[in-house]
Amino acid sequence: MDDIKRGGIAVIDYGSQTTQLIARRIRELGVYTHVFAHDARPEEVDRHQPAGYILSGGPNSVYEPGAPTLSPFMLESGKPILGICYGMQLLTAALGGTVAASASREYGPAQIQQQGESRLFADLAMPQQIWMSHGDRIEELPAGFQTLAHTANSPYAAIGDVARHRYGLQFHPEVGHTPQGRQMLGNFVFEICGCQAKWSAAAFIDDAVARIQAQVGYERVLLALSGGVDSAVAGALIQRAIGERLICVFVDHGMLRQDEAAQVLRVFREERSMRLIAVNAAEEFLDALAGITEPETKRKIIGAQFIETFSREARKLRDLRFLGQGTIYPDVIESAAAGKSARTIKSHHNVGGLPDDLSFELVEPLRDCFKDEVRKIGEALGLPASIVWRQPFPGPGLAIRCLGELSWPRLEKLRRADAIFTGELAEAGLLRAETAQCFAVLLPVKSVGVMGDNRSYEETLALRAVTTDDFMTADWARLPHDLLAKVSARIVNEVAGINRVVYDITSKPPGTIEWE
Ligand code: XMP
């Protein structure tokens, strides 16, 4: 098997907000990248025989006591190195140059002008816009280095020891505000490191199928299918590897969106002939949640109830050794960064914390994939766009969007209103391109209205639509007023029990995306 990870790039993380972005950008070029903690062991970093190293930015100052240092094995390897921001300063300090605090922080757009020739800037128009964000600056270059580009404020915006393939960028090529950054990274990866573009959805699928077969042998795998992208793609991959030895359990907790359960059954059971056990547990969940209004308590009850329902089904199946999981790469990086075990069960897939009598070996075919890659793999496996491009949906489902006490009639009211909102957005072509997440929230707030000749006194519905890349921060979507007007009119007319619609204009922070 040709290892599609071999000869890629190792990204060394010094704590920048954009480390993952560097890795994603290079993956987009078709080259495997793996993110390592700055103190990772050399054997670990070199496991896939990377063709080069990228040192990320970071919040520290290289001379600060306790600041992360450059592990010498990278310099000793003779392989190409690209340091970005803090990474560049580290490289400079390690090789005998000097770094000092600048009088003023430089943050925001700037223009770079090239100086001399370098493969890093091959075929790039100059001058060009880049994005600066740094406090420290280089005062003196190490021996062998030359300036490759400068800006009005930074005499050393890009530096390199061309003979030894060591480069440094004071700015951030990975962010969207550096429009030609992608090409710079491409030049480093292909021209300087000599990588080949062999990381693709099709190649990944072949590789993953072989790995799953090798891991599982002739045994069976159990997977909790939630209807979300990650578990759906993990399921489709495992099914491709072991066919009907994959057994899926889908728990309908009654808090799914309109037609969601039916769609999961149609796609997976009918169209893909998956062995799928569907459990309708709506009544049990609602009973457990009766009278509960506090958000954290709702979440806890749903988590515990899920484990109970899933465990019951798992026990019926007997002798199962493997549990499939839709864990993806950001979960792995974040849990490793949080100092937890690298083998994390995704809490929002709700199969963490299974009772002791159910111990499984995990099958996690998407552990190395970013979300956009998961979607591409899903497409390549033939999953429908309605599943592959589904927006994130929280594990506790509509329970945390139906504020106050839960009841079946209130959930139905919310489902209908939510379907009108998302349906109109889809029709206007705004569901995928313009909004990262959009949904309705039912509020336990009654207000007076007038319907025909009568006074009404009904509940309020809030509409939430946000734009975001990473869901850590988000802005409210500037949806067209005409669209909001149409949605509002339709909801009040078509959904009994709602007489007022409001639009949430809170960004995150200070708000969160969900209301509970
Ligand atoms: P917040 O509300 O924290 O949400 O801004 C950020 C993102 O996380 C999703 N979310 C969840 N996803 N289980 C999940 O699978 C959960 O319990 C959960 N809570 C929030 C939310 O929809 C948004 O995309």
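The legends below accompany close-up views of a predicted model.

**View 1. The second largest pocket and the residues that line it.**
In this predicted model, the second largest pocket has a volume of about 530 Å³, and its lining is made up of 21 residues, of which R257, S386, R390, T422 and L431 lie nearest the centre of the pocket. The elements that each give two or more residues to this lining are α8 (260-271), α13 (385-388), α14 (408-427) and β15 (437-451), and among the contributors it is α14 that gives the most, with five residues. Sorted by class, the lining of the second largest pocket holds eight charged, seven nonpolar and six polar residues. The lining also draws at least three residues from each of domain 2 (201-388) and domain 3 (408-503).

**View 2. The hairpin formed by β15 and β16.**
Strand β15, which also gives two or more residues to the lining of the second largest pocket, runs antiparallel to strand β16 (residues 454-467), and 13 bridges join the two.

**View 3. The largest nonpolar core.**
The largest nonpolar core has 96 residues, and those with the most contacts inside it are F268, L366, I377, L463, L479 and I491. Helix α7 (residues 229-242) gives the most to this core, with nine residues, and the core draws at least three residues from each of domain 2 (201-388) and domain 3 (408-503). As background for this view, nonpolar side chains tend to be buried together in soluble globular proteins.

**View 4. The largest cavity and its lining.**
The count of cavities of 30 Å³ or more comes to four, and about 50 Å³ of space lies in the largest cavity. The largest cavity is lined by K5, G8, I9, A10, Y32, H34, F36, V45, H48 and P50, and the elements that give two or more residues to this lining are β1 (9-13) and β2 (33-37). By class, the residues of the lining divide into six nonpolar, three polar and one charged.

**View 5. Positive phi at C85 and at D259.**
C85, a residue other than glycine, has a positive phi near 60 degrees, and C85 lies in the loop between β4 (81-84) and α4 (86-94). D259, again a residue other than glycine, has a positive phi near 65 degrees, and D259 lies in the loop between β11 (246-252) and α8. Are these residues buried or exposed? C85 counts as buried because its relative accessibility is 6%, under the cut-off of 20%, whereas D259 counts as exposed because its relative accessibility is 57%, over the cut-off of 50%.

Key:
Residues numbered from 1 in each chain as written. Predicted model: local features only at pLDDT ≥ 70, side-chain atom pairs only at ≥ 80, totals over all residues. Heavy atoms only, no water. 1 Å grid on protein atoms, 1.4 Å probe; cavity = no way out; pocket = protein on both sides within 12 Å on 5 of 7 lines; lining within 4 Å. Points joined across faces, edges and corners; volume = space filled by probe spheres on them. Helix = DSSP H or I, 4+ residues; strand = E, 2+ residues; numbered from the N terminus. Nonpolar A, V, L, I, M, F, W, Y, C, P; charged D, E, K, R; others polar. Domains from an automatic or database assignment. Pairing = 2+ DSSP bridges. Core = buried A, V, L, I, M, F, W, Y, C linked by side-chain atoms within 4.5 Å. Buried < 20%, exposed > 50% of the residue type's maximum accessible area, 1.4 Å probe, protein only.
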